[in-house]
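Student: I've got a protein model to look through before class. Can we go over it together?

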Amino acid sequence: MRERGGLIDGLHYRLGRSVLIGVPLAILVIWTTIPIVWAVLASFKDPLEIYESNTLLPANPSLDAYKTVLSMRGFDQWLFNSVFVTVVATIVPLAISILAAYGFSRYAFRFRHILLLLYLVPRIIPRVSLIVPLNNLMSDLGLVNTYWVLFITYTASAIPLATWILVGFFGSIPKEIEESATIDGANMWNRLRRVILPIAWPGVVTAGVLCIREAWNEFAFVLALINETDMRTLPYQLYMLKDSMGVQDYAVYNAFTILTVLPLLIVYLLLERRVVDSIVSGAVK
Amino acid sequence: MSTTRHDLDVLTAGERASEFVKLLAPYILVIPGLAFVLGVLGYAVVGGVGLSLNETDMFLNQTFVGLKNYVSIFEDPRFQSSLWKTIVFVVSSIALGIVMSMVFALTLYHVGFGRRFFRGLSLVPYFVSGIAAAVMFRFIFTTSGGFVNYILESFGLPAPSWLGDPILAFIVAVLANCWFMVPFATLILLGGLQTIDRDIYEAAKLDGATGLKTFFRITLPLIKPMMGVSLIWVSYISFSTFDIILALTAGGPLRATELISVYMYEIAFLQLDFGQGSVLMVVLLTFNTVLSLVYLKFFVLNDRRYKTAT
């Protein structure tokens, strides 16, 4: 008798459990995907069809909106700007942060603590709060409307993040591994390249992806420091689309949105495992 | 190493140089990054405080005026109202954001199939720019042709003008902000859940603890540090929300969503008053720093495990 009770309880328990998990899981999936899916659907629709809210799926899916975006005057330039700035603002801060993280995790030196703090405190400074003084500084230096201003500001704001991640990864590598390389006569540069970086590679990849994300999606700095049409990045242009398109073509608007989001999502999909693992393991904070 | 040269206790010039380099090495490694961080971010903070104490005239000449900008900003009714809106926005974003993150984290922790897939999927919004997220939310909530009203109408319910109504627009802004910030907090909390030893739950079950009791008495205290990190993240994002608001509502309708960051942009870049704009920067910075320190103190530093680890 007890057994049967146990079995029925078990069934109840499992049913209850799958509802308890299934409902929030469905909400999670819908909540996460709907904004993107809706934009994708709209980008394939006929512009007039979007106004008639009685359709969910596009009646005659067409790529016209994407063709319009790709042939927009300036699209090539904005895409180039975004890619160029992102590449520089990923490689430079990553290189600088690898050196800094090595210094912090492998040496005991005076002021180590306070220097590390100076690296990390900027992480709680809201980026948007800096746009007023930065605009002032960069105007004085004559750097407004140049790639330099984006390289410099993006690099500066990516370094604390990347260094923080890498200090964690480098610090978890046992010193003995490196010491054996020292005995073999490897200098610091070789130890970093042959020993530390291969072991901490997941950390470097994660830091890299997050630098790419910061630069690709950045808006406050580019809004404050760039005002020439040719120097805009894709998010900036997406924002300006609101004003520059007289009659709103929602299909084109959505296609533009998808095209600005897609490259970064592809990078994420390729490296998803490393990034998710790093965040879940608490290496990214 | 010099210990092998026991016949001479004086180092040769070359050795002395290499000792010197070794001593300097960490500084050399650390300084380039520091130059960027202090030169750009540090300068901006100090420069911003400086600007807030000065008045800039139309020829960009600056005169020191002390706290005058602060006084006029704090007396400005538009600032007072944007301060209240920011507080309501941040508090409701944190409340909704943390509950959602916790529910999603528990879901991802317990899900029995496709765990990797759902985890990967849950982080996707983290990679969508604030501008794109705002544009997507605009199209979900547009009056005709929006997804939400499509659903409402198909159930025969009234279709409101979401972004035309001050209160509804504020709610949509909070939702868009949550969409953007919840994924990262979810994975941080999931990481916390995964560190908990499953035996603890078995023991609690034997003691007759129910689900909710287990959650509040065991799970929550054990993930306190991750909760602190998530809270820092969601309040940081909510305080600095700027791109989402600008692209979603541009502060409207009727300034209903004009948060401090949006007002700061307007004062500094449209009215070209750098002094008062910088006052708002100082306000934003102070709020965010104080809040972060409070979380650090209560959630991370006070945690027993952190204390034993250091």
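Student: Is helix H6 (residues 131-140) of chain A largely enclosed or largely open?

Tutor: Keep in mind that this is a predicted model. Count the buried residues: in helix H6 of chain A, 8 of the 10 are buried. So the rest of the structure leaves this helix largely enclosed.

Student: Which residues of H6(A) are buried?

Tutor: A residue counts as buried when 20 or more other C-beta atoms lie within 10 Å of its own. In H6(A), that holds for A:Ile131, A:Val132, A:Pro133, A:Leu134, A:Asn135, A:Asn136, A:Leu137 and A:Met138.

Student: And A:Glu218, is that buried or exposed?

Tutor: First find its place: A:Glu218 sits in the loop between helix H10 (201-217) and helix H11 (220-225) of chain A. The cut-off for buried is 20 or more other C-beta atoms within 10 Å. A:Glu218 has 27 of them, so A:Glu218 is buried.

Student: Where chain A touches chain B, how many residues of chain A are charged?

Tutor: Here 74 residues of chain A are in contact with 77 of chain B. Helix H13 (residues 250-280) of chain A gives the largest share of chain A's side, 13 residues. By class, that side has 54 nonpolar and 16 polar residues, and the charged ones number 4.

Definitions and conventions. Residues are numbered from 1 along each chain as its sequence is written. Chains are lettered from A and ligands numbered from 1 in the order in which they are written. This is a predicted model: local features need pLDDT of at least 70, side-chain atom pairs count only at pLDDT 80 or more; totals for chains, interfaces and linings use all residues. Helices (H or I, at least four residues) and strands (E, at least two) are DSSP runs, numbered from the N terminus. A residue is buried if 20 or more other C-beta atoms lie within 10 Å of its own, exposed if 12 or fewer, and partly exposed in between; C-beta atoms are placed from the backbone. Two residues are in contact if their C-beta atoms, placed from the backbone, lie within 7 Å. Ala, Val, Leu, Ile, Met, Phe, Trp, Tyr, Cys and Pro count as nonpolar, Asp, Glu, Lys and Arg as charged, and the others, Gly among them, as polar.
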